[in-house]
Each structure stands twice: as structure tokens, then as C-alpha cells.
Amino acid sequence: LSIGGRSGVDAAVTLAKQLQQQDRDFPDARALVGDVYMAANRPADAVRAYQEALNAAPSEMLVGRLNVALLR
């Protein structure tokens, strides 16, 4: 994956942020950045992303994903 000169995790995070902007009403979109970081085995970054998403729009799904990231 390559977007705007970026590749790998950075490109995936960029794409996830673009998708979040396009569909703000889709709850799972809020978790995409954290999900990318979890898939890349970067739980500390995922914690920050999930916390940011929770601050913007609290949900049980985000709390669950945040807990998983904190445990890792």
C-alpha cells in the first residue's frame, strides 16, 4: 500500500483517516486508525488512537478495543 509517497502503516493510517472523514456516521470507522496500529503490533499508538476516537464519540465498541490495546 502506497499513498502520497507513504507506504505500509503510515499509508494505511492516512487511508483510515480519509475514510473516517468520508463517513462520520459509521461507528466502526472511528476505530480504523487504532485497528491499523493493532494490526501493525503498535498497541501504544492504538491506545492513543482509540482514546482520541472515544473522546470524539464514546461507544462500547471503542472501549472494548481500547481495553484490548491496553492489555497488549
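## Contacts along the chain

In this predicted model, residues 24 or more positions apart account for 29% of those contacts in the chain that have a separation of 6 or more. The chain has four helices and two strands, and from the N terminus on its elements follow the order β-β-α-α-α-α. Of the 72 residues in the chain, 35% are buried.

## The pairing of H1 and H2

Helix H1 covers residues 8–22, and helix H2 covers residues 32–39. The two pack at an angle of about 160°, with their axes 8 Å apart; because angles over 145 degrees count as roughly antiparallel, H1 and H2 are described as roughly antiparallel to each other. The crossing in which H1 passes H2 is right-handed. On the H1 side the residues that take part are Val9, Ala12, Val13, Ala16, Lys17, Leu19 and Gln20, and they meet Leu32, Val33, Val36 and Tyr37 in H2.

The loop between H1 and H2 contains Arg30, which is partly exposed, with a relative accessible area of 25%. Arg30 and Leu19 are 11 residues apart in sequence, and their C-alpha atoms are 9.1 Å apart in space.

## The pairing of H3 and H4

Helix H3 spans residues 43–56, and helix H4 spans residues 60–71. H3 and H4 pack at an angle of about 160°, with their axes 9 Å apart, and they are therefore roughly antiparallel to each other. The crossing in which H3 passes H4 is left-handed, whereas that of H1 and H2 is right-handed.

From H3, the residues Pro43, Ala46, Val47, Tyr50, Gln51, Ala53 and Leu54 meet a set in H4 made up of Leu62, Val63, Arg65, Leu66, Ala69 and Leu70.

## The nonpolar core

The largest nonpolar core holds 17 residues, and the members that touch the most other members are Val33, Tyr37, Ala46, Tyr50, Leu62 and Ala69. H1, H2, H3 and H4 each supply at least two residues of this core, and the largest share, six residues, comes from H3. In soluble globular proteins, nonpolar side chains tend to be buried together.

Leaving aside neighbours within four places in sequence, Tyr37 is in contact with Val9, Val13, Arg42, Asp45, Ala46 and Ala49. Asp45, another of the contacts of Tyr37, lies in H3. With a relative accessible area of 18%, Asp45 is buried, because the cut-off for buried is under 20%. The side chain of Asp45 is joined to that of Arg42 by a polar contact of 2.7 Å, and Arg42 is itself in contact with Tyr37.

The loop between H2 and H3 includes Asn41, which counts as exposed at 54% relative accessibility, in contrast to the buried Asp45. Asn41 and Arg72 are 31 residues apart in sequence, and the distance between them in space, C-alpha to C-alpha, is 8.8 Å.

Technical notes. Residues are numbered from 1 along each chain as its sequence is written. This is a predicted model: local features need pLDDT of at least 70, side-chain atom pairs count only at pLDDT 80 or more; totals for chains, interfaces and linings use all residues. Side-chain values use heavy atoms; hydrogens and water are left out. Buried means under 20% relative accessible area, exposed over 50%, partly exposed in between (1.4 Å probe, protein chains only). A polar contact is a pair of N or O atoms within 3.5 Å; within protein, one must be able to donate a hydrogen and the other to accept it, and residues adjacent in sequence count only if both atoms are side-chain atoms. A nonpolar core is a set of buried Ala, Val, Leu, Ile, Met, Phe, Trp, Tyr and Cys residues joined through side-chain atoms within 4.5 Å. Contact means heavy atoms within 4.5 Å. Axes are lines fitted to C-alpha atoms, for helices over the stretch in contact, and angles run from 0 to 180 degrees between N-to-C directions. Angles under 35 degrees count as roughly parallel, over 145 as roughly antiparallel, 65 to 115 as roughly perpendicular and the rest as oblique. A crossing is left-handed if the near helix is turned anticlockwise from the far one by less than a right angle, and right-handed if clockwise.
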